[in-house]
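Me: I'm new to reading protein models and would like to go through this one step by step. Could you show it to me and then take my questions?

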Amino acid sequence: MIGNDDVHFSSSSIRINSSSFQDQSFLTNLQSCSKTLVSQLSNTRLSLTRLLDSLKNRHSSPQTRSIRRPNSSTQMLNSVTQLMIGNSSPFSSISLSLIQSTQSNWPDSEAENDVITTPRLNSPLLCCASLSLTRPNESNQPAEGKDIIQQQQSQKGHSVSRNAEERVLISEVLVRTKDGEELERKDLEMEALAALKACRANSALTIREVQEDVHRIIESGYFCSCTPVAVDTRDGIRLMFQVEPNQEFHGLVCENANVLPSKFIQEAFRDGFGKVINIKRLEETITSINGWYMERGLFGIVSDIDTLSGGIVRLQVAEAEVNNISIRFLDRKTGEPTKGKTSPETILRQVTTKKGQVYSMLQGKRDVDTVLAMGIMEDVSIIPQPAGDSGKVDLIMNCVERPSGGFSAGGGISSGITSGPLSGLIGSFAYSHRNLFGRNQKLNVSLERGQIDSIFRINYTDPWIEGDDKRTSRSIMVQNSRTPGNLVHGNQPDNGSLTIGRVTAGLEYSRPFRPKWSGTAGLIFQHAGARDEQGNPIIKDFYSSPLTASGKTHDDTLLAKLESIYTGSGDHGSTMFAFNMEQGLPVLPEWLFFNRVTARTRKGIHIGPTRFLFSLSGGHVLGNFSPHEAFGIGGTNSVRGYEEGAVGSGRSYVVGSGEISFPMRGPVEGVLFTDYGTDLGSGPTVPGDPAGARLKPGSGYGYGFGVRVDSPLGPLRLEYAFNDKHTGRFHFGVGLRN
């Protein structure tokens with residue numbers, strides 16, 4: 001209960017009752033007040049009506065006003081749906097019934113029956129009273145003959161007097177209580193007088209104009225009843241509007257509001273505490289409450305309003321809780337229900353909406369996106385349906401499965417190849433299965449082959465380990481690769497080339513641990529060595545620089561890996577930060593022991609259609625590591641304007657880049673960029689100093705321009721850059737920069 005600053009919330013099952021209004025009729029007589037009017041209207045029967053809503057009987061009954069909705073979950077869903085799409089009124093229109101008053105006699109005339117009509121109201125919270133006077137046909141019979149009341153009705157059932165447009169001169173207009181006394185609160189009297197439009201002193205009024213002003217007083221929201229009374233005085237006819245103000249607001253009880261914050265309710269009703277209840281403002285408050293649910297996509301609505309004795313307002317809220325969630329698979333071609341290959345539990349554990357929660361359409365949309373991100377569904381939708389008469393909803397998730405696996409072929413370009421225009425071309429062939437055992441587990445077997453590059457990889461991934469509540473994924477990988485060694489040991493004077501062969505096997509676990517943050521931990525074994533053009537193992541390059549740390553043809557390393565990644569919105573222009581640490585574990589004496597740390601970050605800023613992108617990366621290695629694992633600086637994904645690895649090869653490095661991109665036409669955008677990289681003077685500390693033997697500068701910058709085109713393979717980049725030696729170079733790549 002709200003008493004100054006307190007709100008009392010009580011929770012129970014949703015109850016939505018049928019709309020009910022307690023209508024009462026009260027007879028008030030409009031008296032003929034002058035001898036002239038008596039002689040002219042001696043045979044006139046005057047009628048008067050007013051209708052009250054349940055606020056009228058608040059002194060006799062604790063519940064004086066009630067607005068309810070049917071106890072039906074179907075109508076609940078329909079109401080909330082209409083509210084979501086912009087229905088301005090939270091309740092359906094209210095129709096007040098036709099009431100006939102009791103008999104009453106005038107002191108100076110023979111009045112018998114008064115006919116009262118009440119029009120249909122469109123406002124859900126406003127009550128009104130209306131007035132209609134009827135007059136019988138004048139007769140040549142003596143005055144003592146019986147008077148006849150004629151009531152004319154239209155096809156719609158409205159009762160309208162034939163003489164409703166006749167005017168009567170009013171000398172004075174007053175606002176009084178229902179007992180004829182002055183109102184204690186003059187501000188309410190001023191509100192009633194301000195609502196009057198036609199009724200003014202010394203004006204000739206019709207019954208219709210009086211009726212309309214009665215409506216205006218009620219529609220001001222401060223009064224629960226209004227009765228016009230005409231009194232004959234020596235100065236003329238005095239028209240009094242006898243009004244009954246609403247109660248003062250002294251407290252609030254809010255029921256069934258499980259997700260609606262109490263602070264929101266307090267702020268919504270705080271300004272009205274201690275003041276007369278204004279029905280119009282109460283309706284606005286209810287609209288704001290319904291709007292709170294609508295903005296958050298929640299299935300909730302104000303279902304019942306009661307005004308209790310003592311000025312206590314009872315607010316009942318209907319919140320549609322989730323009763324059950326079920327999965328239904330649909331055929332890709334016919335759309336008919338079919339048997340699915342995916343385990344329903346695998347899908348349901350991706351859904352954040354749970355039983356007992358108030359259903360949120362926004363949360364449901366996120367659940368749909370999450371299920372689609374699994375990669376095994378072609379289409380997903382959630383259909384809410386009423387759960388019987390419980391006021392809850394059942395959710396049916398319709399899923400259309402994609403083909404679970406198949407073969408594919410493609411191609412690409414290796415950015416590390418610089419010896420010829422075609423030497424970097426790579427062909428690929430792969431088999432993948434997206435949904436092993438119906439549990440979204442994935443198997444991928446792929447082969448990529450080029451003139452120099454080759455990678456054979458087997459990868460098994462379980463995106464969510466069964467029984468784990470932290471969404472931990474597991475990945476097992478086996479790979480045999482051969483990559484160019486020119487990043488560190490390039491530019492052989494005899495035009496020879498060497499490649500680095502690696503056999504790798506590893507196990508990694510990943511999981512999100514904070515919003516937008518994820519972490520990875522793994523254990524990887526690597527067997528790596530260098531080979532010449534004929535594929536023979538070698539341990540030194542042309543400059544007699546060692547190619548392995550152990551002095552043997554291969555180095556063996558067991559790496560413990562830790563990685564943490566922050567991603568913003570996920571697109572290339574959003575904020576990103578990644579930190580990676582690898583520790584060599586010397587389980588055997590000949591295994592390498594070192595520590596490598598790398599970090600990279602990116603920040604994008606949009607100003608109109610133009611995007612500014614800044615990136616920074618760096619790293620450092622401590623310990624005994626293979627020379628071909630040094631950081632290579634320069635190239636398409638490093639410092640543009642240089643060949644791959646031509647700036648430096650060191651234990652440490654820092655590379656920074658700035659870009660300005662802008663749309664040109666359709667999928668094409670232009671780019672201006674500048675890059676800078678340095679090995680921080682660490683080149684000589686690499687075993688054999690391969691950078692010094694090749695006279696690499698250790699630092700350098702580049703700048704240039706380019707175009708990018710969106711394609712099914714990803715962004716195609718064609719860039720031209722100048723380095724600090726004023727040498728120009730084209731760079732072509734597929735995909736975004738690392």
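Me: Which ring does Arg640 lie over?
Reply: A charge counts as sitting over a ring if NZ of Lys or CZ of Arg is within 6 Å of the ring centre and within 35 degrees of the ring normal. Arg640 is placed at 3.9 Å from the ring centre. The ring whose face Arg640 lies over is that of Phe673.

Me: Before we go on, what kind of model is this?
Reply: Residues are numbered from 1 along each chain as its sequence is written, and side-chain values use heavy atoms, with hydrogens and water left out. Local features need pLDDT of at least 70, side-chain atom pairs count only at pLDDT 80 or more, and totals for chains, interfaces and linings use all residues, since the model is predicted.

Me: Which residue does Glu659 meet in a salt bridge?
Reply: A salt bridge is a side-chain nitrogen of Lys or Arg within 4 Å of a carboxyl oxygen of Asp or Glu. Here the N to O distance is 3.2 Å. Glu659 sits in strand 31, and its partner is in the loop between strand 29 (631–633) and strand 30 (648–650), 19 residues apart; strands (E, at least two residues) and helices (H or I, at least four) are DSSP runs, numbered from the N terminus. The partner is Arg640.

Me: Which residues are linked with Arg640 in a network of salt bridges?
Reply: One bridge in this part of the chain joins Glu719 and Arg717, with the closest N and O atoms 3.7 Å apart. Both Glu719 and Arg717 are buried. Linked with Arg640 in the network are Glu659, Asp675, Arg708, Arg717 and Glu719.

Me: What type of aromatic pair do Trp517 and Phe577 form?
Reply: Rings of Phe, Tyr and Trp (its six-membered ring) pair if their centres lie within 6.5 Å; planes under 30 degrees apart count as stacked, over 60 as edge-to-face and the rest as tilted. The structure has 17 aromatic pairs by this rule. For Trp517 and Phe577, the centres are 6.5 Å apart and the planes make an angle of 65°, so the pair is edge-to-face.

Me: How many residues apart in sequence are the parts that Trp517 and Phe577 tie together?
Reply: Trp517 is partly exposed at 25% relative accessible area, and Phe577 is partly exposed at 32%. Trp517 lies in strand 23 (residues 517–531) and Phe577 in strand 26 (residues 576–584), so the parts tied together are apart by 60 residues.

Me: Which strand holds Phe730?
Reply: Phe730 is one of the residues in a ring cluster that also includes Tyr703 and Phe705. With 58% relative accessibility, Phe730 counts as exposed. The strand that holds Phe730 is strand 35.

Me: Which strands each supply at least two residues of the nonpolar patch?
Reply: Patches are made of residues with over 30% relative accessible area and no salt bridge, where like charges are joined within 9 Å and nonpolar side chains (Val, Leu, Ile, Met, Phe, Trp, Tyr) within 5 Å. This one includes Ile660, Phe705 and Phe730, and the patch has about 1000 Å² of accessible area together (Shrake-Rupley method, 1.4 Å probe, with only the protein chains shown counting as cover for residues). The strands are strand 31 (652–665), strand 33 (699–709) and strand 35 (728–734).

Me: What is the phi of Phe437?
Reply: Most residues other than glycine have a negative phi. Phe437 lies in the loop between strand 18 (425–436) and strand 19 (441–450) and is exposed, with a relative accessible area of 66%. Although Phe437 is not a glycine, its phi is positive, at about 60°.

Notes: Buried < 20%, exposed > 50% of the residue type's maximum accessible area, 1.4 Å probe, protein only.
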